[in-house]
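The sequence and structure are shown first.

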Amino acid sequence: MATRVGAPVVEAREQEGEVRLQGLTRRFGEVVALQDVALRIAPREVVAVVGPSGCGKSTLLELVCGLQAPDAGTVDAGRAVLMPQRDLLLPWLDARDNAALPLRLAGVPKADARARAHALLAELGLDGFEAARTWELSGGMRQRVAVARTLLSGAPILCLDEPFGALDAITRADAQTWLSAILHRTPRTVLLVTHDVEEAAVLADRVLVLSPRPGRIVADLAVGLPRAATGRDPTDPRVVAVRARALEALRGVMA
Amino acid sequence: MLAALVVLVLLGGWEAYARLGSIDDFILPAPDQVAASLWDDRGLLWDNLLVTAQEVVLGLALALAAGALLALALHRFGPLRRAVYPLLVGTQAIPIVTIAPLLAAWFGYGLLPKLVIVALVCFFPIVVTTLDGLAAVDPEQHKLLRSLGASRAQTFRWVEAPAALPAALSGAKIAVAVGGIAAVFAEYAGSEKGLGHLLLQSIPQLETARAWAAVTVLAALAICCFALLALAERRLAPWAHRKDPDA
């Protein structure tokens, strides 16, 4: 434990936030999940990945996080941490200790880790819930705790796998707002897998569209809109236009 | 409280049968005679209960420690699991109580052979449930921990050990019921005290009511141990009784 040092939450060194993928191919037996994926993500860029189910989106994230090794090509990225679709909170820990888990794993003393987790949970609107057991939290609250856990890992790159996919529409819109706010205050490189093109248009700087298996990047749309502190307004005509472009590209690959 | 009603009905039926039928007291004493013996022999029963309770509790503790350790080793090392697990299941076909005299010959008439018998009997359900608990950890959870940079030991401390705890206690709850029986057989094989010893002594002396009183105390001991384990489970692993969408 002493070999790792608790990384600061906010400052990640610039170049560490960069992701470079070259000629990336991943096979599972006969199935080619990803084929020849090349991608460069600048530090602090938020990139949404959309595509039909089974097109290798989750595989892409796991490759970036180093949880899988590619069959061909290279992954060159700083420390990336995965936030799986399900929150995977540990029921034996309360909200604060769940959020503090990466700090404890990095050897940060208990009191210090808890204080930092508490502060971040409060920032995410969970003040007063820090000692709540996981089963006492709503789906939206659990997702906040999971995001806090991901942020406290201190990794410069966050790989979010459909983080709000299981939430209802209102809770999801709310989640997009606080995620935007937290990324506004402490920018990170984000790779966001989503099945919701609106979510992509609201949160991302770029939208990548993947083809059905074998997954390839078939469109790389620059959103070209400034990021808003609370997320872009989904009814903003420019956001609607981005959404329409992404949807069109997605329809193109599905056909 | 339905359980209390069932017990009352059964006791009533037994009382009526023993009284109205012409059955000798030493063949089947009526519940009130057993109750009388419970009171009259309370000193004797209490002294012997302490001996048997010690055997059951220490034997169970031994089984928990050894069972959890073995489950951990089997979980950690796949080849070991494949090599040893079938053998372990096979050993359960050995009626362990029949080797009790052998253990008495090896370890004498003291506490040790009883502990070994109780632990051997209690060991298996604990290994099985603990192993299941360890294996039931969501693979996604392992992925998450790896992504956060957790070492093997850290994964054990934060995820696997807490997941295995309620499972091991469940195994202990199953084991404690047979643990009492194991202690009685161990005492049969050679001892100077304990409820099993008292039982063995009372029957040839035609003190049937006392034998039944000893059985009643044994049952009470099993219920107490079970309740204590259930309480421990609730205290130590409150999450195990919660419906948690992700656990």
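## Domains, helices and chain contact

In this predicted model, the centres of domain 1 of chain A and domain 2 of chain A, taken over C-alpha atoms, are separated by 25 Å. Domain 1 of chain A covers 33-79 + 156-255, and domain 2 covers 89-154. Their contact draws eleven residues from domain 1 of chain A and eight residues from domain 2 of chain A. On the side of domain 1 of chain A that touches domain 2 of chain A, α5(A) gives the most, with six residues.

Helix α4 (residues 139-152) of chain A and helix α5 (residues 169-185) of chain A have axes that come within 10 Å and cross at roughly 25°. Because angles under 35 degrees count as roughly parallel, α4(A) is roughly parallel to α5(A). The crossing of α4(A) past α5(A) is right-handed. From α4(A), the contact involves Gly139(A), Gly140(A), Gln143(A), Val147(A) and Leu151(A); from α5(A), Thr171(A), Asp174(A), Ala175(A), Leu179(A) and Ile182(A) take part.

Between the chains, 19 residues from chain A and 20 residues from chain B are in contact. On the side of chain A that touches chain B, β5 (80-83) and α2 (95-105) of chain A are the elements that give two or more residues. Of these, α2(A) gives the most, with three residues.

The table sets out the residue classes.

| Contact | Nonpolar | Polar | Charged |
|---|---|---|---|
| α4(A) with α5(A) | five residues | four residues | one residue |
| Side of domain 1 of chain A that touches domain 2 of chain A | nine residues | one residue | one residue |

Notes
Residues are numbered from 1 along each chain as its sequence is written. Chains are lettered from A and ligands numbered from 1 in the order in which they are written. This is a predicted model: local features need pLDDT of at least 70, side-chain atom pairs count only at pLDDT 80 or more; totals for chains, interfaces and linings use all residues. Axes are lines fitted to C-alpha atoms, for helices over the stretch in contact, and angles run from 0 to 180 degrees between N-to-C directions. Helices (H or I, at least four residues) and strands (E, at least two) are DSSP runs, numbered from the N terminus. Angles under 35 degrees count as roughly parallel, over 145 as roughly antiparallel, 65 to 115 as roughly perpendicular and the rest as oblique. A crossing is left-handed if the near helix is turned anticlockwise from the far one by less than a right angle, and right-handed if clockwise. Two residues are in contact if their C-beta atoms, placed from the backbone, lie within 7 Å. Ala, Val, Leu, Ile, Met, Phe, Trp, Tyr, Cys and Pro count as nonpolar, Asp, Glu, Lys and Arg as charged, and the others, Gly among them, as polar. Domain bounds come from an automatic or database domain assignment.
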